Structure formats: structure tokens, C-alpha cells
Amino acid sequence: MTSLASALDDIRARADSAAVAAGRAPAEVQIMLATKTQPAGTVLEALRLGYTLIGENRVQELQSKAEELSAVPHEAHLIGPLQRNKVNHALRHASCIQSIDTAAIAEKIQRRLEATEATVEVFVQVNTSREDSKSGVAPEDAAALLGALEPFDRLRVRGLMTIGLPGSSPDDIRPSYRDLAALSSRLLTDGLLPPRAAELSMGMSGDFELAIEEGATMVRIGSSVFGVRPRP
Ligand SMILES: *Cc1c(COP(=O)(O)O)cnc(C)c1O
């Protein structure tokens with residue numbers, strides 16, 4: 001077995017155990033590979049091993065790897081910020097945008113898709129750690145943003161996404177995940193999130209097990225599969 005294969009199996013096994021320990025079905029938790037900075041060849045190897053859900057932070061990287069990755073059917077999401085002038089390229093290469101945090105960017109996407117009859121899946125990104133520098137809508141503004149998205153019929157909301165405090169210990173990050181889950185259930189109850197939009201994209205290499213404990217349905221894993229990223 002290659003080291004990539006065993007790293008992937010290890011993550012899947014840990015995610016399964018975390019789900020079972022939380023009284024959840026392992027199948028409720030999808031593993032997304034966060035592939036930023038990884039060469040297309042490495043990502044392709046992971047796709048061939050059956051890990052076909054990937055997330056890229058930059059539209060440029062989605063674009064540059066797309067041709068090589070097209071050899072294996074897969075699902076690519078944008079998990080980093082989307083600039084208005086990159087909407088076209090993002091829609092070409094990603095089936096889901098996880099970083100929707102303003103009505104303006106949603107509207108731009110809607111207008112693009114109206115011209116092509118297509119739809120795109122989205123997550124609303126919530127800034128649960130309340131860091132000024134972080135993208136994401138403030139938790140108290142999420143309801144208003146979802147209301148503003150309602151007329152945009154080309155966007156299919158799947159749920160909420162958060163990043164949480166970077167570099168903090170797992171216990172510091174738990175409130176971010178707990179708050180996102182609580183916010184999601186409130187919005188579902190109030191009908192601002194439709195029943196099909198109950199997904200929670202949260203949890204990374206250092207804390208995905210506790211994210212699963214708090215209700216994550218998609219964890220985004222980079223360094224514990226691919227190794228530590230080279231610093232830019
Ligand atoms: C890089 C990244 C991840 C994965 O982080 P790791 O700690 O390497 O697992 C998850 N989500 C987002 C948005 C990222 O940018």
C-alpha cells in the first residue's frame with residue numbers, strides 16, 4: 001500500500017470511529033480532500049483511490065489542475081474566497097462554492113447562471129470565530145443573508161461551512177463547531193434553510209474528530225493526508 005493510500009484509509013477509519021462514538025452513521029460524514037498546493041498528479045492518485053471529493057482554495061488552482069484530473073470523475077468545490085472577476089472560471093471548474101458570504105457575490109453567480117440555464121451548489125460560510133480578517137458572514141447576519149439568497153434560484157444551498165480559529169487547540173475550536181451546528185438547526189427550524197440544506201462543512205486535520213462529534217457532515221482534510229504544505 002502506498003503511503004497516500006494508508007494515510008487516506010487512516011483518516012476514513014478515524015472519521016468512522018468518531019461518528020460511531022457520537023452515535024452517528026459513518027456514511028453521514030463525507031471526507032473532502034483539501035488539495036491546495038498539491039500537484040495534480042498527487043490529487044489524481046487520491047481520486048484513483050476512491051477519494052473523489054476535493055476542495056481547492058484558489059480558482060487558479062482549480063483551473064490549472066482541471067485537465068489532468070478530468071481522467072477520473074470527481075466533485076470539486078471551491079473552499080476559499082471567490083472574487084467577483086473569477087466567478088466564470090469558478091463555475092466552470094467547481095460544482096459547489098462553499099464560501100458564499102455576501103448577497104453581492106451570490107447575485108453575481110445568479111446572473112452568470114441565468115445566461116446558461118445551469119445551477120450551482122453552495123454553502124454559506126459563517127465566521128464563527130469572529131476574527132475580523134476571516135471571510136464568512138457573522139452568525140447573527142446569516143439569517144438575513146439566507147433570506148437575500150432566496151430569490152436566487154440558480155443557487156442550491158446545501159448547508160453551512162466554517163473554518164474556525166486557525167492554529168488553536170482542538171478545545172478552543174469546539175465552540176466554533178458547536179455554534180455552527182446550533183445556528184444550522186435554528187435556521188432549519190425557522191425555514192430559512194430548506195430541509196435538504198442540513199449539511200455542515202467543518203473540521204480539518206487537527207480537529208475533524210471533534211467536528212464530527214459536533215455534527216459535521218463534511219470534513220476537509222489536507223495536511224494529515226498529504227503532509228505539511230510547503231510555506232508559500
Ligand atoms: C487548508 C484547508 C483545510 C485543510 O486544512 P488541514 O489542516 O491541512 O487539514 C480545510 N479547509 C480549508 C478552507 C482550508 O483552506
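This is a predicted model: local features need pLDDT of at least 70, side-chain atom pairs count only at pLDDT 80 or more; totals for chains, interfaces and linings use all residues.
A polar contact is a pair of N or O atoms within 3.5 Å.

An oxygen atom of the ligand sits 2.5 Å from an N or O atom in the side chain of serine 205. Two more residues make such approaches. Arginine 220 places a polar side-chain atom 2.9 Å from a nitrogen atom of the ligand. Serine 223 uses its backbone instead: a polar atom there is 2.7 Å from an oxygen atom of the ligand. Taken alone, the ligand exposes 380 Å², and the protein buries 89% of that area. The residues around the ligand include Ala34, Lys36, Asn57 and Ile79. Also among them are Ile163, Met204, Ile221, Gly222 and Arg229.

Now turn to helix H5. This helix runs over residues 103–114 and has 12 residues. From first C-alpha to last, H5 reaches 16 Å, close to the 16 Å expected at 1.5 Å a residue. Its buried residues are Ile105, Ala106, Ile109, Gln110 and Leu113. They lie on the same side of H5, because they cover an arc of only 140° around the axis. What covers them? Two helices are included, H4 (87–93) and H6 (142–149). Strands S4 (96–100), S5 (120–125) and S6 (155–161) are also part of the cover.

Step back to the loop between S4 and H5, where aspartate 101 is found. The side chain of aspartate 101 reaches the backbone nitrogen of glycine 136 at 2.9 Å. Not counting residues up to four places away in sequence, aspartate 101 touches Gln125, Ser135, Gly136, Val137 and Leu145. Leucine 200 gives a sense of distance. It is 99 residues from aspartate 101 in sequence, and 15 Å away in space, C-alpha to C-alpha.

The side chains of arginine 154 and aspartate 153 are joined by a polar contact of 3.5 Å. Arginine 154 also leads back to H5. Leaving aside neighbours within four places in sequence, its contacts include Gln110 and Leu113, both buried residues of H5. Glu114, Glu117, Ala118, Thr119 and Val120 are also in contact with arginine 154.

How values were computed:
Residues are numbered from 1 along each chain as its sequence is written. Side-chain values use heavy atoms; hydrogens and water are left out. Helices (H or I, at least four residues) and strands (E, at least two) are DSSP runs, numbered from the N terminus. The expected span of a helix is 1.5 Å times one less than its number of residues. Buried means under 20% relative accessible area, exposed over 50%, partly exposed in between (1.4 Å probe, protein chains only). The arc is that of the directions from the helix axis to the C-beta atoms. Contact means heavy atoms within 4.5 Å. A polar contact is a pair of N or O atoms within 3.5 Å; within protein, one must be able to donate a hydrogen and the other to accept it, and residues adjacent in sequence count only if both atoms are side-chain atoms. A residue is near a molecule or strand if one of its heavy atoms lies within 4 Å of it. Accessible areas come from the Shrake-Rupley method with a 1.4 Å probe; for residues, only the protein chains shown count as cover.
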